[in-house]
Amino acid sequence: MIINHPLLGPRDAQEFTYLGDASLLNRPDWQAEDAAEAFHDYLYLRDNPAGEHRELWYHEQGDRSWLVVTRNTLTHEILKVELARDVAKAAGKAAQ
Amino acid sequence: MRFSALRLFKEALTGHKGWGPQWRDPEPADAYDYVIVGGGGHGLATAYYLAKEFGAARIAVLEKGWIGGGNVGRNTTIIRSNYLLDGNEPFYEFSLKLWENLEQDFNYNAMVSQRGILNLVHTDAQRDAARRRGNAMILNGSDAELLDTDGVRAMYPFLNFDDARFPIKGGLLHRRGGTVRHDAVAWGYARGADMRGVDIIQNCEVTGFRIENGKVLGVETTRGFIGAKKVGVSVAGSSSRVMEKAGMRLPIESHVLQAFVSEGLKPFIDGVITYGAGHFYCSQSDKGGLVFGGDIDMYNTYAQRGNLPVVEDVIESGMALIPALGRARLLRSWGGIMDMSMDGSPFIDKTHIDGLYFNGGWCYGGFKATPASGYCFAHLLKTDRPHETATAYRLDRFMTGHMIDEKGQGAQPNLH
């Protein structure tokens with residue numbers, strides 16, 4: 001697989017390590033009343049779709065950036081690559 | 001129809017005209033007591049033991065494609081009982097004991113071959129871990145033997161013993177482990193279940209569950225609605241896709257594991273060898289091909305095919321362990337989709353929906369578990385209580401903190 005890095009261009013997937021579903025960016029509020037349950041779901045449950053999947057890849061052998069890659073799990077086709085930083089910022093999750 | 005030497009002799013004299021189909025191809029009935037979703041090894045074993053050991057009647061196995069076409073036909077055929085943790089080892093030991101009697105039990109030649117599994121160690125720490133695991137195995141009724149370098153050399157003199165980085169310092173030998181003819185397991189269970197009245201319905205995909213007031217009433221399929229008092233789902237690899245139809249999210253990711261076979265060679269590996277310094281395991285089939293595999297591909301996929309980086313990694317590990325491997329040509333490779341669970345261990349449990357039961361999360365260790373998985377799932381379906389060896393395989397164990405994490409990797413499915 002070739003991942004089209006937003007800053008570096010097309011890179012071999014071998015340069016990356018894989019973490020998992022991009023929903024891991026959405027850490028629950030630890031002060032919420034249902035925090036224990038929310039963290040259980042966040043940590044352990046997955047949609048695991050057959051088809052489009054948004055997932056976190058880390059460019060370990062490159063610029064050490066985290067990417068959100070949208071990929072089809074049935075065909076391995078990569079549909080979209082974003083910097084995880086931009087995704088988190090857009091969602092108001094990251095510090096400036 | 002029973003298989004026997006006498007029967008074979010008679011058929012040989014009469015032109016082998018008396019062999020019939022080994023199982024029927026029935027139309028689905030309107031309703032059953034038990035519907036098993038998934039005609040793989042585990043599903044067929046469940047139906048077999050439900051009928052044979054638990055005396056259940058009116059059972060159907062629904063299979064989307066053809067039986068045995070999933071992971072029971074795509075694995076590296078290894079059976080073993082060499083786990084460390086209390087939640088696992090009694091279960092796998094129960095499974096191995098079932099394997100040991102399987103062929104007599106279902107009157108089918110599954111070519112169960114207890115040729116021994118050797119886990120190599122390369123460091124003092126690994127030897128300590130092997131000793132500890134060996135003791136845990138013995139405590140649970142399995143067998144284990146710690147070998148030193150000479151002991152390993154006597155078995156497999158061609159291994160790369162004096163590698164500068166990963167010299168072989170010994171190994172943990174599990175003599176009762178071995179290999180089985182994987183397809184025959186599916187066929188044997190199918191035949192045994194069919195003989196006891198189980199309807200095996202192929203080309204019948206489950207498209208949904210009919211659930212009312214928290215109770216399952218049956219399944220919607222491509223061949224119409226089929227009513228059921230109890231539904232057991234046993235579709236490892238596609239568990240998330242099927243259970244999603246019942247509104248459930250699972251602690252599972254789907255990953256691909258590749259496996260490889262070399263061209264046929266003269267016999268030189270008579271057991272199963274696993275490398276301790278990388279992920280690589282190898283045995284030799286009765287046809288002479290070296291059967292080997294290694295890591296999963298590490299990313300979510302349902303594609304049943306992997307990518308080249310893992311091929312390279314597996315072959316490198318193989319070459320590091322068995323330099324002679326470089327002279328053999330690779331005949332074929334394939335991929336199977338694994339339910340990778342959050343702690344590397346499986347589930348055999350009820351769900352929150354009355355009458356709906358789930359079996360899955362086998363990671364890449366499902367094949368060896370086939371008999372016990374079927375037996376324990378049948379036990380659960382019939383009695384509503386887990387079998388004594390499968391009490392730990394609960395769906396809520398992440399909520400209660402009772403994970404069964406053999407490798408201590410945490411909630412990172414691709415590392416188990």
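## Strand pairing in chain A

Two strands are taken to pair if DSSP finds at least two bridges between them. In this predicted model, strand S3 of chain A, residues 17–21, and strand S4 of chain A, residues 52–58, meet that condition with 4 bridges and pair in the antiparallel sense. Within this pairing, Gly20(A) stands opposite Leu56(A) of S4(A).

S4(A) is also joined by 7 bridges to strand S5 of chain A, which covers residues 66–72, and these two strands likewise run antiparallel. Leu56(A), already named as standing opposite Gly20(A), stands opposite Val68(A) in S5(A) as well.

## A hairpin in chain B

In chain B, strand S9, residues 206–212, and strand S10, residues 215–221, run antiparallel and are joined by 6 bridges; Gly208(B) has Glu220(B) in S10(B) as its bridge partner. S9(B) and S10(B) form a hairpin in which 2 residues lie between the strands, and Asn213(B), in the turn, has a positive phi of about 50 degrees.

## The surroundings of His387(B)

His387(B) is found in the loop of chain B that lies between helix H9, residues 366–383, and helix H10, residues 397–400. It counts as partly exposed because it has 19 C-beta neighbours inside 10 Å, whereas a residue is called buried at 20 or more.

When its neighbours within four places in sequence are left aside, His387(B) is in contact with Tyr375(B), Cys376(B), His379(B) and Leu380(B). By contrast, His387(B) and Phe3(B) are separated by 384 residues in sequence and by 31 Å in space, taken from C-alpha to C-alpha.

How values were computed
Residues are numbered from 1 along each chain as its sequence is written. Chains are lettered from A and ligands numbered from 1 in the order in which they are written. This is a predicted model: local features need pLDDT of at least 70, side-chain atom pairs count only at pLDDT 80 or more; totals for chains, interfaces and linings use all residues. A residue is buried if 20 or more other C-beta atoms lie within 10 Å of its own, exposed if 12 or fewer, and partly exposed in between; C-beta atoms are placed from the backbone. Two residues are in contact if their C-beta atoms, placed from the backbone, lie within 7 Å.
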